[in-house]
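Visitor: Please take one part of this molecule and look at it closely. Then carry on from there, in short steps, so that I can follow along.

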Amino acid sequence: MLNDLMFAVFNAAAFGMAIFLVAAGLTLIFGLLRLLNMAQGGFFMIGAYTAYSVMGRDVQSIGMFLLGVLAGGVVVALLGLVTDRLVLRRLRNVDPHYVLIATFALMMVCTGVTKLIWGVDFFSVNPPPGLDQPINALGLYFSVYQLFVIAAGLVAYVVLEVVIHRMWFGKLMQALAADPWMSSVMGLNVSFGVALSVMASFMLAGLAGGLLLPNQSLSTGLGDSYLMYAFFAVIIGGLGNIRGAFIGSLVLGLVQSLNTVLLPSVPGLAIYVVLAAFLLWKPTGLFPAVGMQEEGTHEAHAGGSHRPRISRRTWQVLGLALVGVLATLPLWVNAGPLYIVGSVLIQVMFALSWNILFGYTGLVSFGHAGFFAIGAYLAALVLKNVAGFPFVGVLLAAAVLGGAAAWAIGLLALRRMSGVFLAVLTVALAEALRLVIGFSSWLGREDGITDIPRPKLDLGLFTIDTSSANGYYWFLLAGTVAMTAVLWWVLHSGFGRTLQTIRQDAERAAFMGTNVAAYRLGAFVLSGAVAAVAGAMYAPWARIVTVEEVHWLASAQPMLNTLLGGVGSFWGPVVGAGLFASIAYATRTLVGLSELIVGTGLLTIILLAPNGAVGLWRQLEERLWRRWRAAPAHRPAADATPAMPMTALKQEGS
């Protein structure tokens, strides 16, 4: 029993120190710039690939190993300097929601660059001589490499603790973080100090990539899991606190080790459960940084006083024409493009559901794919196992189940948290659901549920056969149009206007007598229900549902669609889904370029046009309208009667 306990503690320390090596850079950049860098995992991955290029698959010596680690750190530090100049300095006064999504787009850029340079093959690296043998101590065999990782984590913590809290450089960085304006008045070079600190943060990510490279598979998805765990450690410890990140990493290591011993059938589940419980108990972390006890209010980008110059009737005619064209697609396109268009229709509903939260209420969910998966798996199970069950009933059941799940989460969470803390809670719950599905035999485990039949719609007086691809596409189109119309009516009613008021200024809305918590909960329930319906309609269209539908990267899809189209408009997610699908289809055969193009495009939108394609159209429309109105004043009319002087008018009037 004692041996098992010692071995569990050793594994907990090794796993915790591995997490801390990644979390250190993440918390350092937040402590300085208040930027929660979702791209940290991408730069960690680039550091690992750079170290692999130097040391190779079979490392010849510890010296070569350390040289590769240093090369990864230096390369990523230089990339951090470029990133700070081009991206991060433009995000310092932006809504934190946009920062999260912009750095997520930056992570996509890192993935695309990695695929272009190193390809998509898997690699593995063995520990160097001297670290590849186990050591026997107290009757137990311990990995020397894991001992090396523990030592590296402890050294990193001690160095950061001394530098930040004991040395002049750390004091200087704290001053820059606390008040950049006053620091500049005192003669400090704020730009240089911030750039140096950003490089240090990125260098930590690159060093961690090289140090953790042995004994694991090197692939383009390497940074995802480490990013999530580092993200969780920073949240538990307190945003921007090195000591908190260190303790949070050890907590996650201990939880993971106990999960392996006590619940081996579902490895990794305990981390998400503990994180969710911790967020509900103490959302600001064990050691919250100054200013993080309450999330500040930020200027919202949604809404506006735009007056459309093209009449609503014109847009309605164009919309009906577009629906008519889409309805004719099965008659003149083959199955491939038709499937893509049908998938876009589903993504339109999914993006509209997410925009209810972000665009209208000011809440952000990074685990929205969980609601989508609830509807998808419910529809798959019913269609495969319950013959003759009406599909309309399946959609209603999905809406009820998705809304109930959102109600349970919102009831517990919305009164205590919003912003980044709510985003982390939702992604933790979605990842927990993914693990449960992945280890559940009746849900198909990793293989998912396949060969899902398409239903026949029994509407009482008549039956519509949607078992064919064409038939179900027409039903999908009709359902998307109906759902869009219902949401347009709801969000343009008093309920929707109240949500926009809450987004703009929740405190003022509460002062005016609005029950802010109730309206936010209502928006959360409506959003979860619509997302579940989108998932239920997706299952028979794709005819397969897997755990990938619940992955946290799948939750990014509605964000990308909404931002690409524009959160300032109800139609932004619709436009964005179409644009994103067009870009993805055009670059589908270009390995690495797809992520690079999409990520770069999203970064451009966030930095230059945060209101998306619809916002750009509104600006163009307004500019053209002003030019058209101003044009007659600058050109004299040939048949116009010359204006009479004022004196003549007075004489004539008399």
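Guide: Thr50 sits in helix α2, residues 40-55. Helices here are DSSP runs of H or I with at least four residues, strands are runs of E with at least two, and both are numbered from the N terminus. This is a predicted model: local features need pLDDT of at least 70, side-chain atom pairs count only at pLDDT 80 or more, and totals for chains, interfaces and linings use all residues. Residues are numbered from 1 along each chain as its sequence is written, and side-chain values use heavy atoms, leaving out hydrogens and water.

Back to Thr50. Its relative accessibility is 10%, so Thr50 counts as buried. Buried means under 20% relative accessible area, exposed means over 50%, and partly exposed lies in between, using a 1.4 Å probe on protein chains only. Leaving aside residues up to four places away in sequence, Thr50 touches Ala71, Gly72, Val75 and Trp118. A contact means heavy atoms within 4.5 Å.

Now turn to helix α3, residues 62-86, and its partner helix α8, residues 190-211. Two packed helices are described by the angle between their axes and the distance between the axes. The axes of α3 and α8 come within 7 Å and cross at roughly 145 degrees. Axes are lines fitted to C-alpha atoms, for helices over the stretch in contact, with angles from 0 to 180 degrees between N-to-C directions. The crossing of α3 with α8 is right-handed. In a right-handed crossing the near helix is turned clockwise from the far one by less than a right angle, and in a left-handed one anticlockwise. The residues of this contact divide into 16 nonpolar, seven polar and two charged. Nonpolar covers Ala, Val, Leu, Ile, Met, Phe, Trp, Tyr, Cys and Pro; charged covers Asp, Glu, Lys and Arg; the others, Gly among them, are polar.

Next, the rings. Rings of Phe, Tyr and Trp (its six-membered ring) pair if their centres lie within 6.5 Å; planes under 30 degrees apart are stacked, over 60 edge-to-face, and the rest tilted. By this rule there are 22 aromatic pairs. Take Tyr472 and Phe475: their ring centres are 5.6 Å apart and their planes stand at 50 degrees, so the pair is tilted. Both belong to helix α18, residues 469-491, and being three residues apart, they are separated by about one helical turn. Tyr472 and Phe475 are both buried. Compare Phe570 and Trp571: the centres are 5.0 Å apart and the planes at 90 degrees, so this pair is edge-to-face. Phe570, at 4% relative accessibility, counts as buried. Trp571, at 42%, counts as partly exposed. Ring pairs also link Tyr339, Phe391, Tyr472, Tyr473, Phe475 and Trp541 into a cluster.

Now two loops. Arg445 lies between α17 (419-438) and β5 (449-450). Arg445 is not a glycine, yet its phi is positive, about 50 degrees. Arg543 lies in the loop between α21 (516-542) and β8 (544-545). Arg543 is not a glycine either, and has a positive phi of about 65 degrees. With a relative accessible area of 38%, Arg543 is partly exposed.

Last, step back. The protein chain has 26 helices and eight strands. Of its 654 residues, 50% are buried.
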